[in-house]
Amino acid sequence: MALIDELLRRSPRRLSYMPRISRRHMSVRPAKHPPSSSPTPHKKTTIAALRSLRASKTPITVLTAYDYPTALACSNHPVDITLVGDSLAQVCLGYPSTTRLTLDEMLHHCRAVARGTSSPLLVADMPFGTFAAGKTEGVRAGVRLIQEGHVEAVKLEGGEEVVEHVSALTTMGIPVMGHIGLLPQRHVSLSGYRVQGRTAEAATKLLRAARALEDAGVFSIVLEAMPNLLGAYITERLSVPTIGIGAGPGTSGQVLVWDDMVGTWSGHKPRFVRHFADVRKEVARGVSGYVDAVKDGSFPDPDKEGYVMDHGEWEKFLVAEETPSWTWSPSREAISAEQKHQTTAQESHILPEHSARSLTGENLAMS
């Protein structure tokens, strides 16, 4: 302390900036325990548990997740099923459609989601083309998703034409979720993202497909973009849970894309999407606030967001570098900017609101 007092007396300008010493940690230091907002662990969702929820008419909740943080959120709050959807092709990777996604890309995201998943049943979409070459290729892709992607079940798009693939997978012990109605992997052949089952013939075909998938061993079926009455009717005629997206409230449960649910997707907003948060606005406020703070010099704050060095060691360093008169202190401009920043901390830069996307595509025609 005597040395510091003497240095202050002799060179007040050089040491005019003296941030307090406090212990700091790197922001990327791994957590000792996975972050959790839940005080107690939740019970693991099993296929039997899903059947029980259906039998008791308790709605099943499903959300997509594509990375570790969103998987943690799905686990901590929690949902019943976390789906690593091939919609990640658009919302995460910027592809124009789900058909661009490869199996290797899907595996990468599955592993990240698996690391953050605890209680939800973890399901992954089988990307476009992974079972087109035959049952053997389909089983091989399914095994990779289980072994390398660490998921617990897979989801296939299609009706009666994929029954043999479902049977092959379930025979090998791989649980399968079906998906009928709007099939985004076939959006080109369907002439866009359109509501399905609006005629008696089309409705009959969807019901027949659902029954065929149930007979093949699926544990659940996604019903996408179909009339409310048809969604409820198919649900009543099956013994496995149905998960609706744009199929009305008469299904066993509901699924939304994460980016639709939190309002971050900037594409077309289908009729069935509801924003349960406005994260897009918060992101805009945060990014623009950060940019402004760096530009005006108010970030980082040297006292609150900086580190210090023993004054004696700093003096030795300057002497060794032959620059004993070197000084530095926060500029008046930075201090003034910080004061201004504090008075306007609640102001935000809000971008125009944009709508979100569907589970499977940008331009679902609901009329």
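This is a predicted model: local features need pLDDT of at least 70, side-chain atom pairs count only at pLDDT 80 or more; totals for chains, interfaces and linings use all residues.
Residues are numbered from 1 along each chain as its sequence is written, and side-chain values use heavy atoms, with hydrogens and water left out.

I then searched for aromatic pairs and recorded three in the structure. Rings of Phe, Tyr and Trp (its six-membered ring) pair if their centres lie within 6.5 Å; planes under 30 degrees apart count as stacked, over 60 as edge-to-face and the rest as tilted. Trp 314 and Trp 326 form an edge-to-face pair, with 5.9 Å centre to centre and 65° between the planes. Trp 314 sits in helix H12 (residues 311-320) and Trp 326 in the loop between H12 and helix H13 (332-343), 12 residues apart. Helices (H or I, at least four residues) and strands (E, at least two) are DSSP runs, numbered from the N terminus. Trp 314 is partly exposed as well, with a relative accessible area of 25%.

**Backbone exceptions**

Most residues other than glycine have a negative phi, and most peptide bonds are trans. Glu 322 lies in the loop between H12 and H13 and counts as exposed, at 69% relative accessibility.

His 150 also has a positive phi, near 65°. I located His 150 in the loop between helix H6 (135-147) and strand E4 (153-155), and its relative accessibility of 47% makes it partly exposed.

For the peptide bonds, I noted a cis bond joining Phe 299 and Pro 300, with omega about 0°. Pro 300 lies in the loop between H11 and H12.

**Helix H11**

I checked the length of H11 (residues 279-296): its 18 residues reach 26 Å from the first C-alpha to the last, close to the 26 Å expected at 1.5 Å a residue. The expected span is 1.5 Å times one less than the number of residues. Ala 284, Ser 288 and Ala 293 are buried in H11. They lie on the same side of H11, because they cover an arc of only 150° around the axis; the arc is that of the directions from the helix axis to the C-beta atoms. Gly 297 follows H11 and has a positive phi, near 85°.

**Helix H8**

I made the same check on H8 (residues 200-216): its 17 residues should span 24 Å at 1.5 Å a residue, and the end C-alpha atoms are 24 Å apart, which agrees. Buried residues of H8 include Leu 206, Leu 207, Leu 213 and Glu 214. The buried residues of this helix pack against helix H7 (163-171), strand E5 (176-181), strand E6 (220-224) and helix H9 (228-237), where contact means heavy atoms within 4.5 Å.

Gly 217 follows H8, with a positive phi near 110°. I placed Gly 217 in the loop between H8 and E6 and found it partly exposed, with a relative accessible area of 37%. The C-alpha atoms of Gly 217 and Thr 171 are separated by 8.8 Å, although the two are 46 residues apart along the chain.

**Whole chain and confidence**

I counted 13 helices and eight strands in the protein chain. Of its 367 residues, 44% are buried. Among contacts with a separation of 6 or more, 67% come from residues 24 or more positions apart.

Last, I looked up pLDDT, the predictor's confidence in each residue, from 0 to 100. The chain mean is 85, and 77% of the residues reach 70 or more. Over residues 1-24 pLDDT stays under 50, and the model has 36 contacts beyond four places in sequence for them. Residues 348-367 are also below 50, with 83 contacts in the model beyond near neighbours in sequence.

Note on methods. Buried means under 20% relative accessible area, exposed over 50%, partly exposed in between (1.4 Å probe, protein chains only).
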